[in-house]
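Open the model in your viewer and keep the selection tool at hand.

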Amino acid sequence: MSARPAATRRTVLRGAALTPVVGLGFTACGGGDDNRSAALAGPVELGPESEVAAGGAKLYRDHNVVVSRGEDGSLTAYNTVCTHAGCPINKLDGTRLVCPCHGSEFDVTTGKVLREPAVAPLKPLAVEVRNGTLVAKPRD
C-alpha cells in the first residue's frame with residue numbers, strides 16, 4: 001500500500017480545469033498573430049538624429065526599432081521583434097539587445113544573434129535623416 005493519498009474528485013477536476021490555462025501559456029511563447037510585434041508598414045519618425053551618438057544605439061520601443069550609429073557616422077536600423085518567439089525586445093545594453101521572453105541576445109550593429117534560443121538575425125530596416133529627424137521604414 002502506498003503512503004500517498006488517493007486523488008480526490010476535487011483534485012482531478014481542478015487539474016482538468018487548469019489544463020487549458022497552461023496551454024495558453026505555451027501558446028503565448030509561440031509568436032501567434034497578435035499585433036504586439038507587428039512589422040513597420042511604412043515610414044515612421046523616430047526622433048532627433050542627435051539622439052544616436054557615434055558608436056552608440058537607441059531603442060525606440062514604441063515602433064519596435066533600434067538604430068545604431070557607426071564611428072564613421074553611418075546609421076543602421078533593425079526591427080526589434082525577437083526572431084525566436086515574436087516578443088518585442090525592450091532592453092538595450094550598450095549595443096546588445098536582450099529579449100525579455102527567453103533571453104535571446106542580438107548585436108544592434110549587425111542584427112546577428114549573440115545568444116540563443118533565437119537563431120535567425122533581426123530584420124534590417126532602412127533608416128534616413130529628414131530635416132534632422134530619424135525616419136525608419138521597411139526595406140524595398
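Select Ser104. At 1% relative accessibility, Ser104 counts as buried (under 20% relative accessible area; exposed is over 50%, partly exposed in between; 1.4 Å probe, protein chains only). This is a predicted model, in which local features need pLDDT of at least 70 and side-chain atom pairs count only at pLDDT 80 or more, while totals for chains, interfaces and linings use all residues. Residues are numbered from 1 along each chain as its sequence is written, and side-chain values use heavy atoms, with hydrogens and water left out.

Ser104 lies in the loop between strand 6 and strand 7. Strands (E, at least two residues) and helices (H or I, at least four) are DSSP runs, numbered from the N terminus.

Now show what surrounds Ser104. Setting aside neighbours within four places in sequence, its contacts include Cys82, His84, Leu97, Val98 and Cys99. Arg115, Glu116, Pro117 and Ala118 are also in contact with Ser104. Contact means heavy atoms within 4.5 Å.

Which backbone nitrogen lies 3.0 Å from a polar atom of the Ser104 side chain? That of Ala118. A polar contact is a pair of N or O atoms within 3.5 Å; within protein, one must be able to donate a hydrogen and the other to accept it, and residues adjacent in sequence count only if both atoms are side-chain atoms.

Step back to Gly103. Its loop runs between strand 6 (96-98) and strand 7 (105-107). Gly103 is buried, with a relative accessible area of 15%. Beyond residues up to four places away in sequence, Gly103 touches Arg115 and Glu116. Draw a distance from the C-alpha of Gly103 to that of Ile89: the two are 14 residues apart along the chain and separated by 9.8 Å.

Next, select Leu97. Not counting residues up to four places away, Leu97 touches Ser104, Glu105, Phe106 and Val108, among others. Its contacts also include Leu59, Val66, Thr80, Ile89 and Leu122.

Colour the largest nonpolar core, which has 14 residues. Val66, Cys82, Ile89, Leu97, Phe106 and Leu122 have the most contacts inside this core. A second, separate core has 12 residues, including Leu40, Val44, Val65 and Ala77. A nonpolar core is a set of buried Ala, Val, Leu, Ile, Met, Phe, Trp, Tyr and Cys residues joined through side-chain atoms within 4.5 Å.

Two asparagines come next. Buried or exposed: what is Asn64? At 9% relative accessibility, Asn64 counts as buried. Asn64 sits in the loop between strand 2 (57-60) and strand 3 (65-69). Its phi is near 55 degrees, a positive value in a residue other than glycine.

Move to Asn131, in the loop between strand 9 (124-130) and strand 10 (133-138). Asn131 is not a glycine, yet has a positive phi of about 50 degrees. At 83% relative accessibility, Asn131 counts as exposed.

Then select Lys58 and Tyr60. The charged end of Lys58 sits over the Tyr60 ring, 5.3 Å from its centre. A charge sits over a ring if NZ of Lys or CZ of Arg is within 6 Å of the ring centre and within 35 degrees of the ring normal.

Finally, zoom out. The protein has 1 helix and 10 strands. From the N terminus, the elements run α-β-β-β-β-β-β-β-β-β-β. Buried residues make up 31% of the 140 residues. Among contacts between residues at least 6 apart in sequence, 42% join residues at least 24 apart.
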